[in-house]
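I opened this entry to look up a pocket, a helix and some aromatic contacts. My notes follow in the order in which I took them.

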Amino acid sequence: MKVDPITFAVIKSGLDSIVDDMAYTVVRIARSEIVKDVMDFSAALCDANGQMIAQAKTIALHLGAVPEAIEAVLAKFGDDLSEGDVVIMNDPYHGGMHLPDIFMFTPIFHGGKRRAFSVVICHHTDVGGRVPGSNASDSTEIYQEGLRMPPLKLYDRGELNTTLETLIKINVRVPERVWGDIQAQFAASQIGARALTKLFDRYGADEVERYMQELMDYAERLTRDEIRRWPKGTYTFVDHIDNDGFSDDPIPIKVAITVLEDSLLVDYTGSSKQVKAALNSTKSYTHSNTYLSVRCVLSREIPNNVGVFRCIKVKVPEASVLNPVLPGACAARALTGYRIFDTMLGALAQIVPDRVPAAGEGGNSVVCISGLRKNRKPFIIVDMICGAWGGRPDKDGVEAITNPSQNLSNMPVEVMEAEHPILVEEYAFVPDSCGAGQHRGGVGVKRSYRILADEALLQLRSDRVAFAPYGLAGGAPGGMSRNFITVGPDTSPLPSKVTMTVPHGALITHEQAGGGGYGDPKRRDPALIREDIADGKITPEFAREHYGVG
């Protein structure tokens, strides 16, 4: 098509603004901490065929799954989508990721023709199942994990499906929060629809659709141009999840990236078979992590849309931990996603070493604490702890910040304590947990929770207890995670993955892994070493051991 660069830039910026406005709407309206404070949600726009054209600055790991999720919607409804319809779904075996992540798709019509979709995904506090939070790593089949929804119409031509509303509310432990967050998704999707309609009115729907296609083609061209400059060949890497909580056997994630002329083949053959625990990553989520990993090493000028995905072919063995079959459980699949990300970056570091940091903390740790208040109403805390980045080719890693694969935030202590019977006794850095290097890794984060309820159910999903975050270019591995429980005067270690009842007054402590180092530690600037000691991030003993100074 003939492209006017000014119009192209205006429409591109308009689409980016629309999805960000959708995201801001979710934050303003949502009821639960996991959405409004931790910000575990996403927003995007797709064209009429479900190809993603713009995404908000939200959870990147969600968005690569959108094409397969919307494919399931179109397979179910086809042309039976009308103005005023809203479709929701969460089933991992219908294009979803795990049951707490509810997708909402709103078809956008103009001139009587379907032109686009607005998409909002939120991680919900609870969707039923055997444990509060619906996110336990020790479930063994999908049927234990909560309410499964294939693509269903929540609104049909503007009319709320009250049967579906009732079904959702009666199956979840905190219906006011879950339904409040669904309403936030709905409001955001309508914001997207109205704003895109204004863009159609201004430039003409046919013209905007043409520019949407050009925007995706543009992203594809830029991506292929970069890949052409990469060294050709096959690059492999293996990383591990500690175990699945049922045995001590490590879970290998193996990848081989083949750089072709202007595209990539990403092959996960050799990765672990499907596991008993709920760590299995759905194929859509594996694809999402793969696309994101590649996107992270591309130029920031490339638009974030499906054009990037077109350049990457993914091969995933069936019945593996990266592509499970029924009835495989997958509530805690995020941990496997983080390890896919780490494994992909380990391979990409061999291709574009100047663009890849050492491994970070290994992804968010999830500390879920639930129980009953004194008035017998349930509470559920889903605390996703953000930790440390690995050292970068030109800078130290950072700490207490979202994993690069996410856009999350640590839940404020004040919010957690105000909303729930919990006392956070410590929120601090873990000294000496960073990997030494010319550019050290970030130090790990520590949180300690005192139980104020009569008793509570603890669900802990952590990792990097047995396999430390790797260093790069001669940097040392990061420190490893640790978990403890203190009851009275006695402190005992906890495994990385556990579901257990804890009594009133118990103290739960999680120390998250630190990031790996980048570059030879002997080349580190002595002034930075002294600064780290002064800040309490490392001890003089650590400095003498790893840097030869004190």
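I began with the lining of the largest pocket, whose residues divide into 24 nonpolar, 12 polar and 11 charged. The model is a predicted one: local features need pLDDT of at least 70 and side-chain atom pairs pLDDT 80 or more, while totals for chains, interfaces and linings use all residues. Residues are numbered from 1 along each chain as its sequence is written, and side-chain values use heavy atoms, with hydrogens and water left out.

**Pocket.** I noted a volume of about 1,300 Å³ for the largest pocket, taken as the space filled by probe spheres set on grid points joined across faces, edges and corners. A pocket here is an open set of points on a 1 Å grid over the protein atoms alone, where a 1.4 Å probe fits, with protein on both sides within 12 Å along at least five of seven lines; lining residues have an atom within 4 Å of a point. Of the 47 lining residues, Arg 295, Cys 296, Leu 298, Arg 300 and Asn 304 lie nearest the centre. Among the elements that give two or more residues to this lining are helix H1 (5-29), strand E2 (52-55) and helix H10 (333-348). Which element gives the most? H8 does, with 5 residues. Helices (H or I, at least four residues) and strands (E, at least two) are DSSP runs, numbered from the N terminus.

**Helix H10.** I checked burial (under 20% relative accessible area; exposed is over 50%, partly exposed in between; 1.4 Å probe, protein chains only). In H10, 16 of the 16 residues are buried, so the helix is largely enclosed by the rest of the structure.

**Aromatic pairs.** I counted 6 aromatic pairs, with ring centres of Phe, Tyr or Trp (its six-membered ring) within 6.5 Å; planes under 30 degrees apart are stacked, over 60 edge-to-face, the rest tilted. Phe 103 and Phe 105 are stacked, at 5.9 Å centre to centre and 15 degrees between the planes, and both are buried. Tyr 155 and Phe 186 are also stacked, because their centres are 4.5 Å apart and their planes at 20 degrees. Tyr 155 counts as buried at 16% relative accessibility, and Phe 186 as partly exposed at 24%.

Terms used
Nonpolar A, V, L, I, M, F, W, Y, C, P; charged D, E, K, R; others polar.
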